[in-house]
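Here's a quick tour of a structure that may be new to you. Take a look at it first, and then we'll go through a few of its parts.

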Amino acid sequence: MPGGGARLFALVSWPSFMVAAAAEAVFFSVINPQELYLLGEPVGFSPVATYSIGFFAFWGVTGASSLLTAWLAEKLPAR
Amino acid sequence: MSSNASPGNTPPVAAAPKRARVIPIAEVVSDDGELYAARKKIQPRSIKGRFNNVRWAMVWITQLVFYGLAWLPWNGRQAVLFDLLERKFYIFGLVLWPQDVVFLSLLLIISALGLFLVTAVAGRVWCGYACPQSVYTEMFMWIERRIEGDRSARMKLDAAPMSLRKFSLRTAKHGAWATLALWTGFTFVGYFTPIREVAAEVLTWSAGSWEIFWMLFYAAFTYVFAGHMREQVCKYMCPYARFQGVMFDPDSLIVSYDATRGEPRGSRRKGQEGKAIGDCVDCEWCVQVCPTGIDIRKGLQYECIGCALCIDACDQVMDKLGRPRGLIAYSTERAQLAGKPAHESWREVVAHIVRPRVILYTSLLAFIVSGFAWALLTRTPVKMNIMRDRASLAREVEGGKIENVYQLRIMNTSEAPRRFLLEIEGLPGAAIEGQREIEVEAAGSRDIPMRVQVDAESLTPGSHVIYFNLQAVDAPDVRVHEKASFMQPR
Ligand code: SF4
Ligand code: SF4
């Protein structure tokens with residue numbers, strides 16, 4: 001695999017992508033995007049936009065977690 | 001990450017047992033001895049043969065299904081459609097609603113168990129023949145081969161300085177890859193929005209921006225994974241590849257090299273006939289055809305995706321030499337430990353298949369599949385949600401009556417329009433005001449407000465239980481019975 005940046009990107013983005021996809025599926029199969037509220041107002045986006053934004057929000061969160069884990073694993077003191 | 005922090009430090013190559021016939025599936029033991037060493041570009045040689053034919057058959061089958069199924073009509077709609085707008089999944093005659101999420105989870109569990117079963121019996125056949133990563137990589141490699149030539153031509157091209165020829169070959173390759181990737185992205189979107197509508201929108205340049213976004217996203221994904229990353233996805237990113245060690249046992253099918261027969265390897269030169277020499281002529285064909293760039297003669301390695309192309313390669317070489325095929329063949333660890341290249345009699349094959357792990361997976365699978373089928377068959381094709389109208393909980397109306405308003409959502413999950421009759425019970429004297437017969441279109445739903453009135457005098461203040469019965473007019477067994485509450489405010 002090419003250099004460190006690309007490797008880190010693959011290691012972080014891919015697992016978080018899969019988990020985000022799973023989270024998206026579970027979340028939106030139980031919650032109708034049209035019943036969501038954003039800052040007290042019903043969400044005004046089209047459903048596809050809500051699904052998409054939801055997906056990227058999930059991915060952002062899972063990605064942040066993966067990145068943190070990668071960073072912690074790197075800093076793991078040698079035993 | 002520094003390499004010493006990377007998961008699974010790689011033992012130096014020298015430490016790897018040289019002639020072990022079976023190496024337990026190990027962490028990456030690559031030629032460069034470095035887990036994350038810069039990738040050497042792999043330019044596999046193309047090979048014809050039995051297993052290559054099977055692989056191509058699988059490419060055709062899976063891709064005809066993927067690209068074709070989206071266009072198949074069924075009862076006036078798309079046969080397989082995950083309709084995000086209406087929140088309904090159509091799978092041929094089956095219409096799943098958000099309430100049916102359990103069916104989808106069951107389907108996922110069934111697929112996962114199926115994969116376990118297949119892996120226990122036949123090793124990584126999924127990887128070699130059916131995984132989209134393998135299938136798209138094969139298709140992209142085919143394009144590459146048509147445009148840039150086979151292995152040696154491609155390696156020459158890689159090394160050559162940029163020229164008009166190289167530039168046009170590269171442009172043609174990337175153009176063809178991009179076209180295939182875009183078509184794939186379009187098809188992908190076509191499973192979530194009716195594909196004919198999307199096609200019309202694309203042709204008239206009026207597709208929604210999110211649809212275009214997802215098309216490009218999935219296209220880019222395909223392009224990068226199948227065109228550029230290829231075996232690295234399997235080596236570094238795929239969880240299944242890491243997980244397989246758990247599903248494998250000594251009876252799982254693996255691609256392996258018969259070292260007893262092959263070694264000591266070497267080319268047969270004239271004048272050396274007397275020397276003891278194995279059947280492997282060290283032509284390296286098995287290495288050159290391998291899409292993951294490994295040498296199967298070093299034993300079972302974690303990178304091997306079980307594509308069996310090295311079997312095809314070696315068989316050809318053995319045919320040319322006039323020696324029996326099977327120096328590289330499908331085998332099992334158990335057969336190898338018994339000193340045989342593979343199972344010989346059908347008894348051994350059956351014994352290899354029928355074992356506790358397989359029986360366990362099979363019975364679990366059978367259990368879940370029958371539960372799934374039973375649940376599907378006995379599913380009532382109507383659902384009703386009752387919500388109390390929060391705006392007007394309960395009020396007094398003319399004639400000394402109390403009225404409660406409900407919002408009913410009635411979902412007809414069958415493939416034909418239906419009429420239903422609504423009744424209430426459980427509350428003496430209660431009556432429905434207004435329409436009691438409701439028609440719902442095929443696979444559709446309807447929201448209707450429902451007013452229920454009761455004589456105020458006959459009820460104590462507080463909450464009372466009330467039942468709604470919904471009964472299909474044409475079928476006595478199609479009915480639902482739902483509980484709700486009725487408020488008497490005074
Ligand atoms: S290792 Fe993973 S990505 Fe690669 S072929 Fe197997 S399942 Fe597919
Ligand atoms: S070693 Fe053989 S079976 Fe394994 S990936 Fe390479 S060519 Fe395919």
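## Around ligand 1

Which residues are around ligand 1? They are B:Arg124, B:Trp126, B:Cys127, B:Cys131, B:Gln133, B:Ser134, B:Cys234, B:Cys238, B:Tyr240 and B:Ala241, where a residue counts if one of its heavy atoms lies within 4 Å.

By class, that shell has seven nonpolar, two polar and one charged residues. Here Ala, Val, Leu, Ile, Met, Phe, Trp, Tyr, Cys and Pro count as nonpolar, Asp, Glu, Lys and Arg as charged, and the others, Gly among them, as polar.

## Reading the model

Keep in mind that this is a predicted model: local features need pLDDT of at least 70, side-chain atom pairs count only at pLDDT 80 or more, and totals for chains, interfaces and linings use all residues. Residues are numbered from 1 along each chain as its sequence is written, chains are lettered from A and ligands numbered from 1 in the order in which they are written, and side-chain values use heavy atoms, leaving out hydrogens and water.

## Two domains in chain B

Chain B splits into domain 1 (50-96 + 131-229) and domain 2 (382-488), with bounds from an automatic or database domain assignment. Eight residues from domain 1 of chain B and four from domain 2 of chain B make the contact (heavy atoms within 4.5 Å).

One salt bridge is counted between these two domains, meaning a side-chain nitrogen of Lys or Arg within 4 Å of a carboxyl oxygen of Asp or Glu. B:Glu415 and B:Arg77 meet in a salt bridge through their side chains, at 2.5 Å from N to O.
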